[in-house]
Amino acid sequence: MAETDLSTPELAEKIVRSETRIFKAVFPNTTNHYDTLFGGTTLLMMDEVAFITATRFSRLKMVTVSSERVDFTHPIPGGTLVELIGTVVRVGSTSLQVRVELFVEQMYSEEREKAVAGLFTFVAVDQDKKPVRILP
């Protein structure tokens, strides 16, 4: 992916505006036999946040082309809250990369820790599903 300089004021502002934060509760129907959030459910939530972030940044039709280096560092127990934060970290000519971090919070205390982080790559496509440029 040929990268664009993200430090320009215009792109930096666009990245800030596209940052996406979503909160969810971890209910029993999303947990496994260890009473922790299913890994697949976690990936689904992360891809959704990454997609919203990519779309808000580009305002184009985006498709996921890869997820990579998703690190599960702490279990996500049932009965907790999770915050997912998506941020654009790389922009190419037709693709971009979004980092998603998932934080787990106890419902009845201020305790909070990062539990999962991953990178998701998207490509902008036209109505024929052909790649299109993200930036003019």
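Arg17 and Glu13 both belong to helix α1 (residues 9-18), where 4 residues, about one turn of the helix, separate them; helices (H or I, at least four residues) and strands (E, at least two) are DSSP runs, numbered from the N terminus. The two residues form a salt bridge in which the closest N and O atoms are 3.7 Å apart, a salt bridge being a side-chain nitrogen of Lys or Arg within 4 Å of a carboxyl oxygen of Asp or Glu. This is a predicted model, in which local features need pLDDT of at least 70 and side-chain atom pairs count only at pLDDT 80 or more, while totals for chains, interfaces and linings use all residues. Residues are numbered from 1 along each chain as its sequence is written, and side-chain values use heavy atoms, with hydrogens and water left out.

**Salt bridges**

- Side chains of opposite charge can pair when their charged atoms come close.
- A search of the whole structure finds 8 salt bridges, one of them being the pair of Arg17 and Glu13 in helix α1.
- Glu13 counts as partly exposed because its relative accessibility is 40%, where buried means under 20% relative accessible area, exposed over 50%, and partly exposed in between (1.4 Å probe, protein chains only).
- Arg69 and Asp71 also meet through their side chains in a salt bridge, at 3.0 Å from N to O; Arg69 is exposed, with a relative accessible area of 62%, whereas Asp71, at 30% relative accessibility, counts as partly exposed.
- A further salt bridge, again given as 3.0 Å from N to O, brings together the side chains of Glu101 and Lys114.
- That pair links distant parts of the chain, since Glu101 lies in strand β4 and Lys114 in strand β5, 13 residues apart.
- Lys114 counts as partly exposed, with a relative accessibility of 34%.

**Strand β5 and its partners**

- Strand β5 (residues 112-125) is mostly covered, as 11 of its 14 residues are buried.
- Strand β4 (residues 95-106) pairs with β5 in the antiparallel sense over 11 bridges, and a hairpin joins β4 to β5 through 5 residues.
- Within β5, Leu119 is the bridge partner of Arg99.
- Strand β2 (residues 61-72) pairs with β5, likewise in the antiparallel sense, over 9 bridges.
- Asp71, which also takes part in the salt bridge with Arg69, has Ala117 as its bridge partner in β5, while Thr64 stands opposite Phe122 in that strand.

**Gly40**

- Gly40 is found in helix α2 (residues 39-58) and counts as exposed because its relative accessibility is 52%.
- Gly40 and Arg133 are 93 residues apart in sequence and, from C-alpha to C-alpha, 31 Å apart in space.

Notes:
Pairing = 2+ DSSP bridges.
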